[in-house]
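I opened this notebook to record what I looked up in the structure, entry by entry. Each entry below takes up one topic.

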Amino acid sequence: MRTRVTDMFGIELPIFAFSHCRDVVAAVSRAGGMGVLGALYFTPEELETELKWIDDHVDGRPYGVDVVMPASYEGADFAPEELVGRLQGMIPEGHRSFVEDLLAKHGVPQLSADADAGKVLLGWTDATARPQVEVALRHPIALLANALGPPPADVVDLAHEHGVKVAALASTPRHALKQVEVGVDVVVAQGTEAGGHTGEISTMVLIPQVVDAVDVPVLAAGGIGNGRQMAAGMALGAEGVWTGSLWLTVEEADTPEMAKRRILEATSRDTVRSRSWTGKPARLLRNEWTEAWESEESPGTLPMPLQFMLVSDALRRIGRSDASELATFPAGQIIGITNQVRSTKDVVFDLVTEYGEALERLERITED
């Protein structure tokens with residue numbers, strides 16, 4: 001397969017795989033696509049360890065790193081050294097009480113006294129994401145991606161100085177144009193079917209609009225879970241696909257077993273766009289957590305990054321308990337077809353095989 005993105009990165013397949021698991025990233029790159037490591041949950045020191053491991057296990061193949069540098073968020077003008085403290089002071093006590101009452105209702109215990117301190121902020125801000133960018137650019141990455149809004153122009157320039165291409169996600173044609181204005185090399189047009197932060201326009205509608213709006217290569221994202229869907233995205237004008245939820249249940253994934261089991265059992269109707277995770281709309285697995293934040297008792301969600309700071313330790317407590325009905329995590333609508341555990345290599349092989357079969361089907365239809 002050959003498109004502008006395969007030529008741009010020297011890869012065999014225009015398949016990009018976003019994952020927080022280094023094993024999945026390396027496996028996809030070794031299989032001919034490009035794995036992209038989500039840096040959000042890692043401290044700079046942890047990210048250094050993860051990328052060093054990928055360097056040693058990717059067999060010289062290209063890979064990327066994804067950071068979150070939102071265009072707007074609370075506390076953007078705070079000094080880095082006082083950021084966490086000032087943001088914590090902005091969280092209302094009523095919201096803290098709501099979270100505690102919800103956990104108590106479901107019997108979720110407190111963390112033990114010797115438990116590690118929670119990561120309450122992560123890379124949700126410019127100040128916390130820039131150290132991740134610095135670490136990433138010390139490694140032989142081929143791509144730096146930004147998941148929320150256009151990346152800062154100086155970060156794009158810095159990546160280009162290191163010979164690294166830049167991608168950014170867009171959920172409307174207007175967003176795509178803003179990405180191109182700051183110099184991104186690839187636009188990921190992500191439909192509302194996608195897991196995590198996503199907009200309101202469906203993939204089928206969005207892709208051709210973005211392709212017509214920009215002159216850089218476009219990757220189709222949202223609802224890409226098999227080769228037929230990949231072929232559909234390419235037919236709409238995309239030059240590759242960006243996948244995420246597809247990799248949550250592969251053998252190499254470090255997805256918690258409780259979460260993996262729920263994904264395998266879920267249908268495509270079992271996700272919902274909710275602000276209950278970060279304060280911005282994100283598609284999550286629907287459960288009693290997401291329902292609680294939409295109930296009459298809910299105080300309403302807080303803007304980014306306050307919402308995640310409010311719930312971060314609560315999510316850790318839920319993860320260490322038996323309260324599976326509260327366990328929430330990003331997941332796209334394609335979890336309805338991820339009903340078995342397979343190796344990453346087999347998933348890539350099936351994508352390509354089904355893609356070819358879809359093209360053959362279309363050729364038969366158009367034969368005279």
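**Entry 1. Helices H10 and H14.** I note at the outset that the model is predicted. I began with the packing of helix H10, residues 227-235, against helix H14, residues 344-366: their axes are 7 Å apart and the angle is about 60°. That angle makes H10 oblique to H14. I recorded the crossing of H10 and H14 as right-handed. I then listed the residues that make the contact. From H10 they are Gly227, Arg228, Met230, Ala231 and Met234, and from H14 they are Leu351, Glu354, Tyr355, Ala358 and Arg361. Sorted by kind, the residues of this contact of H10 with H14 comprise 6 nonpolar, 1 polar and 3 charged.

**Entry 2. Helices H3 and H6.** At what angle do H3 and H6 pack? I found about 25° between helix H3, residues 44-57, and helix H6, residues 126-136, with the axes 9 Å apart. Angles under 35 degrees count as roughly parallel, and H3 is therefore roughly parallel to H6. The crossing of H3 and H6 is right-handed. On the H3 side I noted Pro44, Leu47, Glu48 and Leu51 in the contact, and on the H6 side Pro131, Gln132, Val135 and Ala136. The residues in the contact of H3 with H6 are 6 nonpolar, 1 polar and 1 charged.

**Entry 3. The barrel.** I turned to the strands. How many strands does the closed barrel have? I recorded 8, running E1-E2-E3-E4-E5-E6-E8-E9, with parallel pairing. From one strand to the next, the twist averages 25°.

I followed several of the pairings individually. Strand E1, residues 15-19, runs parallel to E2 and is joined to E2 by 4 bridges. Within this pairing, I found Phe16 bridged to Met34 of E2. Strand E4, residues 143-146, pairs with E5 in the parallel sense, again over 4 bridges. Here Ala145 has Ala167 of E5 as its bridge partner. Strand E6, residues 186-190, and strand E8, residues 218-221, run parallel and are joined by 4 bridges. In that case I noted Val187 with Val218 of E8 as its bridge partner.

Entry 4. Strand E2, residues 34-38, is mostly covered, with 5 of its 5 residues buried. In a regular strand the side chains alternate between the two faces of the sheet.

**Entry 5. The open sheet.** I looked up a further sheet. This open sheet has 3 strands in the order E7-E11-E10, and the pairing is antiparallel. Which strands form its edges? They are strand E7, 196-197, and strand E10, 271-274, each of which pairs on one side only. E10 and strand E11, residues 282-285, run antiparallel and are joined by 4 bridges. I noted Arg283 of E11 as the bridge partner of Arg273.

**Entry 6. Ala327.** I then examined single residues. Ala327 lies in the loop between helix H13, 306-319, and H14. Is Ala327 buried or exposed? I found a relative accessible area of 9%. Buried means under 20%, so Ala327 is buried. With neighbours within four places in sequence left aside, I listed Met258, Arg262, Asn287 and Ile318 as residues in contact with Ala327. I also looked up its separation from Ala76, which is 251 residues away along the chain: the C-alpha atoms of Ala327 and Ala76 are separated by 30 Å.

**Entry 7. Ser312.** What does Ser312 touch, not counting residues up to four places away in sequence? I recorded Lys119 and Val120.

How values were computed. Residues are numbered from 1 along each chain as its sequence is written. This is a predicted model: local features need pLDDT of at least 70, side-chain atom pairs count only at pLDDT 80 or more; totals for chains, interfaces and linings use all residues. Side-chain values use heavy atoms; hydrogens and water are left out. Axes are lines fitted to C-alpha atoms, for helices over the stretch in contact, and angles run from 0 to 180 degrees between N-to-C directions. Helices (H or I, at least four residues) and strands (E, at least two) are DSSP runs, numbered from the N terminus. Angles under 35 degrees count as roughly parallel, over 145 as roughly antiparallel, 65 to 115 as roughly perpendicular and the rest as oblique. A crossing is left-handed if the near helix is turned anticlockwise from the far one by less than a right angle, and right-handed if clockwise. Contact means heavy atoms within 4.5 Å. Ala, Val, Leu, Ile, Met, Phe, Trp, Tyr, Cys and Pro count as nonpolar, Asp, Glu, Lys and Arg as charged, and the others, Gly among them, as polar. Buried means under 20% relative accessible area, exposed over 50%, partly exposed in between (1.4 Å probe, protein chains only). Two strands pair if DSSP finds at least two bridges between them.
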